[in-house]
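Trainee: Before we go through the details, could you show me the structure we will be discussing?

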Amino acid sequence: MTVRFRFARTLCLALALGAAGLAPAVAQDDPAPPAKQQKKLPEAPAKLPKADRTKNLDFLFGALKAAPDEASAKHVEARIWAIWLQTPSDTAALLMARAKAAVDAQKVDVAIKLLDAVIKLRPDYIEAWNRRATLYYMQNDYARSLADIREVLIREPRHFGALAGLGMIMQDVGDEKRALEAYRKALAVNPHLEKIPDQVKALTEKVEGRDI
């Protein structure tokens, strides 16, 4: 789940860096003329075989942990979001775009119904679950948000956004121990998450006490 007040900005960043970031890797396997390559590049990442997507994510998660600075980490993080946001079909892409437009128009209930349709159509598409979890969180519907977060983490245990969201919910309901566990898992995957280290420090002092 994306962080509550940064949902729109994170989404826009991921969409902006999506196809362009992974297109060169696909183009290397297809020696088409440059003109044809340029026309196909925006669609290429969505057509990557599942095995290639998994390899890309494995590589990027390794690079994320090893990133030498914040700027490098943000670049890698954007690439990861780009893969997660790749829609499995034209219909799913259309519904996701309409859901985003509904959120932008502050029509959250409409956005949730559109995401319901995406999930029914393609239950393997984790970002539909993740997006809906975020919207449920915004409505303080923690039970449904947690249920969707669970679906995300079943499909992608490294989803640092969902892990951070889990921590936020646990913190909101007063379960500081589980919040700390979730935040630590998120940082283990992505050490460069904003604000989460501060939460971990504060919760560690509350849950485990200060070092003597």
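Predicted model: local features only at pLDDT ≥ 70, side-chain atom pairs only at ≥ 80, totals over all residues.

Trainee: Which residues of the largest nonpolar core touch the most other members?

Mentor: The largest nonpolar core holds 55 residues, and its largest share, eight residues, comes from helix H9, residues 160-172. Leaving aside residues up to four places away in sequence, Ile80 touches Leu57, Leu60, Phe61, Leu64 and Phe160. The core residues that touch the most other members are Phe61, Ile80, Trp84 and Phe160.

Trainee: Are the rings of Trp81 and Trp84 stacked or edge-to-face?

Mentor: Trp81 and Trp84 are three residues apart in helix H4, residues 70-85, so about one helical turn separates them. Trp81 is buried at a relative accessible area of 5%, and Trp84 is buried at 4%. Their ring centres lie 5.2 Å apart with 90° between the planes, and because planes over 60 degrees apart count as edge-to-face, the pair is edge-to-face.

Trainee: Are the rings of Tyr137 and Tyr142 stacked or edge-to-face?

Mentor: Tyr137 counts as buried, at 4% relative accessibility. The centres of the Tyr137 and Tyr142 rings are 5.8 Å apart and their planes stand at 25°. Planes under 30 degrees apart count as stacked, so the pair formed by Tyr137 and Tyr142 is stacked.

Trainee: Which residues form one aromatic cluster with Phe61?

Mentor: A search of the whole structure finds six aromatic pairs, one of which joins Trp81 and Trp84. Besides Phe61, the members of the cluster are Trp81, Trp84 and Phe160.

Trainee: At what angle do helices H10 and H11 pack?

Mentor: Helix H10 spans residues 176-189 and helix H11 spans residues 196-208, with their axes 9 Å apart. The residues of this contact divide into nine nonpolar, two polar and five charged, including Leu180 and Tyr183 in H10 and Val200 and Leu203 in H11. The crossing is left-handed, and the packing angle is about 140°.

Trainee: Is Gln106 buried or exposed?

Mentor: Gln106 lies in the loop between helix H5 (90-104) and helix H6 (108-121), and has a positive phi of about 65° although it is not a glycine. Most residues other than glycine have a negative phi. With a relative accessible area of 72%, Gln106 is exposed.

Trainee: And what is the phi of Asn140?

Mentor: Asn140 is found in the loop between helix H7 (126-138) and helix H8 (142-155), where it counts as partly exposed at 47% relative accessibility. Asn140 is not a glycine, yet its phi is positive, at about 65°.

Definitions and conventions:
Residues numbered from 1 in each chain as written. Heavy atoms only, no water. Axes fitted to C-alpha atoms, helices over the stretch in contact; angles between N-to-C directions. Helix = DSSP H or I, 4+ residues; strand = E, 2+ residues; numbered from the N terminus. Left-handed = near helix turned anticlockwise from the far one by under 90°. Contact = heavy atoms within 4.5 Å. Nonpolar A, V, L, I, M, F, W, Y, C, P; charged D, E, K, R; others polar. Phe/Tyr/Trp six-rings, centres within 6.5 Å; stacked < 30°, edge-to-face > 60°. Buried < 20%, exposed > 50% of the residue type's maximum accessible area, 1.4 Å probe, protein only. Core = buried A, V, L, I, M, F, W, Y, C linked by side-chain atoms within 4.5 Å.
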